[in-house]
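Welcome! Please take a moment with the sequence and the model below, and then read on for a short tour.

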Amino acid sequence: MDVEEIRKVGVVGAGLMGHGIAQEFALAGYDVALHDISEELLIQAQANMRRNLGIMVDAEMVSRQSADSVPDAVRFSVNLSEVVRDADYIVEAITEDLPLKQRVFAEMDKLCPEHTIMASNSSTFMPSSVASATTRPDKVLVTHYFNPPHFVPLVEVVRHSGTSDSTFDTAMSLLERIGKRPVGVRKEVPGFIGNRLQFALLRECLSLVEQGVATPQDIDAVVKNSFGRRLAVAGPFEVFDAAGWDTIFAILTELAPDLDASDTASEVAAENVRQGRLGLKSGAGFYDWTPETAQRLRERIAHALIEIEKWSQ
């Protein structure tokens with residue numbers, strides 16, 4: 001399928017990522033339908049869209065007219081068939097549960113037209129693992145967005161060995177057309193590029209907490225006030241090219257043997273999950289959160305991402 005032929009987009013899953021993905025396609029002029037399993041979740045998704053778009057209007061990213069039209073233009077439905085049966089392109093954005101994703105892909109495969117491309121927004125599962133549940137593996141791939149998807153421009157486009165060149169090229173072109181900055185991942189691996197990097201950092205952060213080297217607050221302060229600032233404007237290879245690889249190699253030789261290399265999830269993180277300390281959603285994680293402080297964090301991140309986008313263009 002050619003990108004010019006894509007008119008209708010279905011998004012399955014209206015939560016943290018799905019509502020923002022649907023919002024972007026609708027802003028770009030596509031006929032968008034959004035599915036979730038309850039009316040309450042869809043009502044919340046529409047409210048989230050309005051909130052997002054209000055921030056974007058204030059930042060002069062979209063016009064008030066466009067912002068007002070988008071939530072009403074998206075079709076919301078608890079009926080999966082209504083969302084996918086005439087879609088040209090589908091993005092699955094449900095919870096990160098592989099058996100559930102496979103069941104949803106198998107169901108969508110039965111319901112949608114033969115030409116439909118099906119993309120998963122999985123954060124870690126390889127595209128072959130969901131393609132295997134369908135009769136069209138050549139039209140299945142991963143398009144991994146980053147949160148919040150309406151403010152972060154990158155999408156990792158991950159093909160498996162059976163994904164056709166046409167499917168891959170169409171997905172890349174479609175994402176570029178709606179203003180994203182897609183990067184093609186050359187080989188499927190769990191976590192792709194971005195999450196392998198993020199979770200390598202997280203593993204070391206949690207190890208430092210477990211060893212009593214630093215508190216979570218100390219670690220956040222170090223990242224926010226040092227190399228985290230550089231990473232908003234230059235990638236690791238650019239940064240270390242600037243530093244000089246003779247110096248970097250000397251540091252790496254000394255430090256590499258002492259870095260955390262555990263192959264199991266951190267006990268500190270596991271204990272938080274057991275205690276229900278899940279972050280903003282539960283009111284506590286490594287920090288305690290009120291509704292007000294949680295909203296301030298969301299707004300701080302959103303406004304910073306908007307400013308970065310303005311001066312990085």
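Where is F192 found? F192 sits in the loop between β8 and α8 (194–210). Here helices (H or I, at least four residues) and strands (E, at least two) are DSSP runs, numbered from the N terminus. Please keep in mind that this is a predicted model, in which local features need pLDDT of at least 70, side-chain atom pairs count only at pLDDT 80 or more, and totals for chains, interfaces and linings use all residues. Residues are numbered from 1 along each chain as its sequence is written, and side-chain values use heavy atoms, with hydrogens and water left out.

**The chain as a whole**

- The chain contains 14 helices and 8 strands.
- Its radius of gyration is 21 Å, close to the 20 Å that the globule rule gives for 313 residues, so the chain is as compact as a globular protein of that length. This radius is taken over C-alpha atoms, and the rule is 2.2 Å times the number of residues to the power 0.38.
- Along the principal axes, the C-alpha trace spans about 55 × 45 × 40 Å.
- Of the 313 residues, 41% are buried. Buried means under 20% relative accessible area, exposed means over 50%, and partly exposed lies in between (1.4 Å probe, protein chains only).
- Among contacts between residues at least 6 apart in sequence, 65% join residues at least 24 apart. A contact means heavy atoms within 4.5 Å.

**Surface and charge**

- The accessible surface comes to about 16900 Å², and 56% of it belongs to carbon and sulfur atoms. Accessible areas come from the Shrake-Rupley method with a 1.4 Å probe; for residues, only the protein chains shown count as cover.
- The chain has 30 positive and 45 negative charges, and their mean positions are 2 Å apart. Lys and Arg count as positive and Asp and Glu as negative, while His and the chain ends are not counted. Each charge is placed at NZ of Lys, CZ of Arg, CG of Asp or CD of Glu.

**A closer look at helix α7**

- Helix α7 (residues 165–177) has 13 residues, which at 1.5 Å a residue should span 18 Å; its end C-alpha atoms are 18 Å apart, in agreement. The expected span is 1.5 Å times one less than the number of residues.
- T167, F168, T170, A171, M172, L174 and L175 are buried in this helix.
- The buried residues of α7 pack against several elements, including α1 (18–27), β4 (89–92) and β5 (117–120). Also among their partners are β6 (140–145), β7 (154–158) and β8 (181–185).
- Just after α7, G179 adopts a positive phi of about 95°.

**Backbone details in the loops**

- F192 has a positive phi near 60°, although this residue is not a glycine. At 2% relative accessibility, F192 counts as buried.
- E60 also shows a positive phi, of about 60°, and is not a glycine either. This residue belongs to the loop between α2 (39–58) and α3 (64–73), and at 72% relative accessibility E60 counts as exposed.
- N147 and P148 are joined by a cis peptide bond, with omega about -5°. P148 is placed in the loop between β6 and β7.

**Residues to find in other helices**

- V209 lies in helix α8. Leaving aside neighbours within four places in sequence, V209 touches A214, T215, P216, I219 and V268. V209 and L175 are 34 residues apart in sequence and 39 Å apart in space, C-alpha to C-alpha.
- E271 belongs to helix α13 (residues 267–274), and its relative accessibility of 31% makes E271 partly exposed. E271 and H19 are 252 residues apart in sequence and 31 Å apart in space, C-alpha to C-alpha.
- Q295 is part of helix α14 (residues 291–312), and a relative accessible area of 25% makes Q295 partly exposed. Q295 and L280 are 15 residues apart in sequence and 9.1 Å apart in space, C-alpha to C-alpha.
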